[in-house]
Amino acid sequence: MSFYNEIIERIRKVTEKDGVTNISASAALTAEITVIASVLVAVIMLRKINFILMVAAVLILAPVLLTSVPLSARLREEQGDGFSRMIFYVLMTLGIMVSIFYWGGSGV
């Protein structure tokens with residue numbers, strides 16, 4: 001079984017009630033590649049802090065991200081209009097923004 005077929009089977013297991021079409025499978029694979037690339041680029045930016053930390057983080061995260069495919073189907077389950085989920089994501093976004101502004105001026 002190829003890697004593509006394995007990912008499609010995992011997506012089908014998670015989204016049994018919705019069904020999987022070629023378009024949704026392609027969209028899920030595109031989202032997977034985008035998330036994996038974004039996380040790895042963010043980890044590579046750690047080289048400004050410490051090169052050894054960057055190498056260790058890449059070596060740890062690359063296999064973790066590749067074995068946790070499909071993330072997009074799991075993230076779709078988390079979507080909801082609940083107030084507690086909205087507040088959680090608002091706080092996460094504000095925390096990320098504060099950390100960017102705080103460390104953004106220190107040469108990182």
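**Figure 1. Overall fold and confidence of the chain.** The order from the N terminus is α-α-α-α-α. This is a predicted model, in which local features need pLDDT of at least 70, side-chain atom pairs count only at pLDDT 80 or more, and totals for chains, interfaces and linings use all residues. Residues are numbered from 1 along each chain as its sequence is written, and side-chain values use heavy atoms, without hydrogens and water. Mean pLDDT (the predictor's confidence in each residue, from 0 to 100) is 75 for the chain, with 71% of residues at 70 or more. Confidence is lowest in α4 (residues 71-78), mean 65, and highest in α3 (residues 51-67), at 85. Where pLDDT is low, predicted coordinates should not be read in detail.

Figure 2. Helix α3 holds 17 residues. From first C-alpha to last, α3 reaches 25 Å, close to the expected 24 Å (1.5 Å times one less than the number of residues). N50 caps the N-terminal end, with a side-chain oxygen 3.2 Å from the backbone nitrogen of I52. M54, A57 and L65 are the buried residues of α3 (buried is under 20% relative accessible area, exposed over 50%, partly exposed in between; 1.4 Å probe, protein chains only). Of the chain's 108 residues, 16% count as buried.

**Figure 3. A42 in helix α2.** A42 sits in α2 (residues 22-44). A42 counts as partly exposed because its relative accessibility is 47%.

**Figure 4. I96 in helix α5.** I96 belongs to α5 (residues 83-104). Its relative accessibility is 46%, so I96 counts as partly exposed.

Methods: Helices (H or I, at least four residues) and strands (E, at least two) are DSSP runs, numbered from the N terminus. A polar contact is a pair of N or O atoms within 3.5 Å; within protein, one must be able to donate a hydrogen and the other to accept it, and residues adjacent in sequence count only if both atoms are side-chain atoms.
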